[in-house]
Amino acid sequence: MKFYNREEELALLEKAYARSGADLIIVSGRRRVGKSRLVDEFLKGKKAVSIMVMPKEEKQVAHDLEEEIRAKYGYSPSFGSLREALEYAFEQNFDLIFMDEFPNVLQVNSAVPFEVQRLWDAYRDKKDVLLIFSGSYAGMMNRLFAAKKAPLFNRATSTISLQPLLFKTVSQILTELGVSEPA
């Protein structure tokens, strides 16, 4: 399906990707509003490490990241934990890392946000890296990134709060799909 109406958000992501230095961007919004689709559209043509965090055993999530690295770069060591995988990603100069449904890491290993904090603080002034974390659970994203005691408080350089498409855009989509009358 054609991509619609997220030009400002795409421009923000492209600007962060083009500049030197490190950026951490949070993409939040209600479920089914297009967060993953937005970032997937942005990632087209870029060599990015991208993973959807599912609530499962930590070793399996680490393996998923290992497989993603192998698919994009042709090599990857084995990881016993998500911490090892993230540390490797930072050390290897990957310039774009996307973790979709990031709040799920709390079910995988509640220490992961603190590990991301440690890695971000250690590498952000030394690397050209763009980290993108997305999530649907507003309260959980707030507890991870916005609450004063949050492990990643004040680490985000930009936040995208994705809103539902405007009625005008939805009408355009329906017209282009050949829907002219409500059912």
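Analyst: Happy to! A salt bridge here is a side-chain nitrogen of Lys or Arg within 4 Å of a carboxyl oxygen of Asp or Glu. Glu-41 and Lys-44 make such a pair, with their closest N and O atoms 3.2 Å apart. Lys-44 is exposed, at a relative accessible area of 55%; buried means under 20% relative accessible area, exposed over 50%, and partly exposed in between (1.4 Å probe, protein chains only).

Before going further, a word on the ground rules. This is a predicted model, where local features need pLDDT of at least 70 and side-chain atom pairs count only at pLDDT 80 or more, while totals for chains, interfaces and linings use all residues. Residues are numbered from 1 along each chain as its sequence is written, and side-chain values use heavy atoms, with hydrogens and water left out.

The structure holds 14 salt bridges. One of them joins Glu-176 to Lys-2, with 3.6 Å between the closest N and O atoms. This pair links distant parts of the chain, 174 residues apart: Glu-176 sits in helix α8 (residues 167-176) and Lys-2 in the segment before α1 (7-18). Helices (H or I, at least four residues) and strands (E, at least two) are DSSP runs, numbered from the N terminus. Both partners are partly exposed, Glu-176 at 42% relative accessible area and Lys-2 at 46%.

Another salt bridge brings together the side chains of Glu-87 and Arg-118, at 2.6 Å from N to O. It too links distant parts of the chain, with Glu-87 in helix α4 and Arg-118 in helix α6 (residues 112-123), 31 residues apart. Arg-118 counts as partly exposed at 34% relative accessibility. Through shared partners, salt bridges join Arg-83, Glu-87, Glu-115 and Arg-118 into one network.

For the charges overall, the protein has 26 positive and 25 negative side chains, and the centres of the two sets lie 4 Å apart. In that count Lys and Arg are positive and Asp and Glu negative, with His and the chain ends not counted; each charge is placed at NZ of Lys, CZ of Arg, CG of Asp or CD of Glu.

Now the fold around these pairs. The protein has eight helices and five strands, in the order α-β-α-β-α-α-β-α-α-β-α-β-α along the sequence. Its radius of gyration is 17 Å, close to the 16 Å that the globule rule gives for 183 residues, so the protein is as compact as a globular protein of that length. The radius is taken over C-alpha atoms, and the rule is 2.2 Å times the number of residues to the power 0.38. Of the 183 residues, 45% count as buried.

Ile-132, in strand β4 (residues 130-135), is one of the buried residues, at 0% relative accessibility. Leaving aside residues up to four places away in sequence, Ile-132 touches Leu-13, Ile-25, Val-27, Val-39, Phe-42, Leu-96, Ile-97, Phe-98 and Met-99, where contact means heavy atoms within 4.5 Å.

Finally, two backbone details. Most residues other than glycine have a negative phi. Asn-93 has a positive phi near 65°; Asn-93 lies in the loop between α4 (82-91) and β3 (96-100) and is exposed at 52%. Glu-101 also has a positive phi, of about 55°, in the loop between β3 and α5 (105-108), but Glu-101 counts as buried at 12% relative accessibility.
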